[in-house]
Amino acid sequence: MPKKHLGQNFLSDPSILTRIISAADLSAEDTIVEIGPGPGRLTRMLAERVRHLIAIELDHELYQRLAGDFIAYRNVEIVHGDVLHYPFEALDVFKVVANIPYYITTPIIFRLLDAKQNLKSMTLTIQKEVAQRIVATPGSKDYGVLSISTQYHAESELKFIIPKEVFRPVPKVDSAVVHMIIRSKPPVSVRDEKLFFSIIRTAFSQRRKTLSNSLKPLGQDIKSVLTVAGIDPQRRPETLSIQEFARLSDFLTK
Ligand code: SAM
């Protein structure tokens with residue numbers, strides 16, 4: 001019986017699993033981390049293609065079943081635990097391929113970006129709406145904190161949509177596979193990364209307002225700073241490119 005509170009919506013269609021594997025652009029030498037292997041169908045396909053597979057499952061029942069099923073696979077490590085507490089920093093170069101539990105989609109993405117030193121790419125099956133936010137560009141309704149934060153660290157592509165009807169049990173929303181390649185260097189350089197992200201969060205906390213209003217909590221003469229930075233204070237946060245946020249951040253750092 002699938003456990004709803006653990007985000008258990010399983011995928012078994014072999015043609016979709018094959019498309020996920022092909023989107024991940026794997027090589028035989030790769031170390032792969034799979035988050036939430038569940039019944040282990042994607043796990044088995046991955047295990048047959050790569051040098052080393054680490055599969056992290058929180059559900060104890062599923063973990064025990066997986067540990068038995070994969071006992072003969074010398075390249076597979078089944079780990080019992082919460083992915084959010086896994087020490088990714090201790091791994092050598094690795095890629096992530098996973099149909100992740102949707103109740104913690106953004107915490108997982110931010111945890112992985114936080115440990116990005118040896119992370120090469122992530123190929124994630126996530127809610128379609130979240131995938132659209134990740135790849136959104138300025139001016140669209142989906143563009144916001146998640147778009148800028150992920151685009152700062154990775155180059156992302158929405159590969160394909162998976163209709164909800166192919167999962168068991170059927171979830172409420174459609175899914176999408178997003179492939180994110182970690183950048184060796186961010187697309188903009190900022191003097192103070194912490195301030196840069198804090199400006200973005202502040203701006204989008206009131207996305208309907210103009211910048212001069214939404215950025216008031218920063219406590220400076222924000223209208224003048226925006227003008228000096230060459231950004232019209234009447235614009236709304238969702239129209240600013242990552243380069244413009246970087247420029248504004250550097251003017252506020254001065
Ligand atoms: N990979 C399988 C598939 O595609 O059919 C299962 C995907 S299901 C959407 C998510 C899986 O993540 C479930 O097996 C669930 O038990 C597991 N899970 C939930 N929370 C987790 C956590 N915090 N850490 C690791 N695994 C978790």
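On a 1 Å grid over the protein atoms alone, a pocket is an open set of points with protein on both sides within 12 Å along at least five of seven lines, whereas a cavity is a set of points where a 1.4 Å probe fits but cannot get out. The model examined in these terms is a predicted one.

Sorted by class, the lining of the largest pocket comprises six nonpolar, five polar and two charged residues.

The second largest pocket, at about 210 Å³, is lined by Phe-110, Leu-113, Asp-114, Lys-116, Val-145, Ser-149, His-153, Phe-197 and Arg-201. The elements that contribute two or more residues to this lining are α4 (105–114), α6 (145–153) and α7 (193–205). By class, the lining of the second largest pocket divides into four nonpolar, two polar and three charged residues.

A search of the whole structure returns one cavity of 30 Å³ or more, and the largest cavity holds about 380 Å³ of space. It is lined by 31 residues, of which Ile-35, Gly-36, Gly-38, Glu-57 and Asn-99 are the closest to its centre. The elements that give two or more residues to the lining of this cavity are β1, β2 (31–35), α2 (41–47) and β3, and the lining as a whole consists of 18 nonpolar, eight polar and five charged residues.

What takes up the space of the largest cavity? The ligand does, and the elements that give two or more residues to the shell around the ligand are β1 (10–11) and β3 (52–57). This shell counts 23 residues, the closest being Leu-11, Gly-36, Glu-57, Asn-99 and Tyr-103, and by class it has twelve nonpolar, seven polar and four charged residues.

Within this setting, several polar contacts can be traced atom by atom. An oxygen atom of the ligand lies 2.9 Å from a backbone N or O atom of Leu-11, while on the side-chain part, an N or O atom of Asp-82 is 2.9 Å from a nitrogen atom of the ligand, and an N or O atom in the side chain of Glu-34 is 3.5 Å from a nitrogen atom of the ligand. Taken alone, the ligand exposes 600 Å², and the protein buries 99% of that area.

Key: Residues are numbered from 1 along each chain as its sequence is written. This is a predicted model: local features need pLDDT of at least 70, side-chain atom pairs count only at pLDDT 80 or more; totals for chains, interfaces and linings use all residues. Side-chain values use heavy atoms; hydrogens and water are left out. Ala, Val, Leu, Ile, Met, Phe, Trp, Tyr, Cys and Pro count as nonpolar, Asp, Glu, Lys and Arg as charged, and the others, Gly among them, as polar. On a 1 Å grid over the protein atoms alone, a cavity is a set of points where a 1.4 Å probe fits but cannot get out, and a pocket is an open set with protein on both sides within 12 Å along at least five of seven lines; lining residues have an atom within 4 Å of a point. Grid points are joined across faces, edges and corners, and a volume is the space filled by probe spheres set on the points. Helices (H or I, at least four residues) and strands (E, at least two) are DSSP runs, numbered from the N terminus. A residue is near a molecule or strand if one of its heavy atoms lies within 4 Å of it. A polar contact is a pair of N or O atoms within 3.5 Å; within protein, one must be able to donate a hydrogen and the other to accept it, and residues adjacent in sequence count only if both atoms are side-chain atoms. Accessible areas come from the Shrake-Rupley method with a 1.4 Å probe; for residues, only the protein chains shown count as cover. A molecule sits in a cavity or pocket if more than half of its atoms lie within 2 Å of its grid points.
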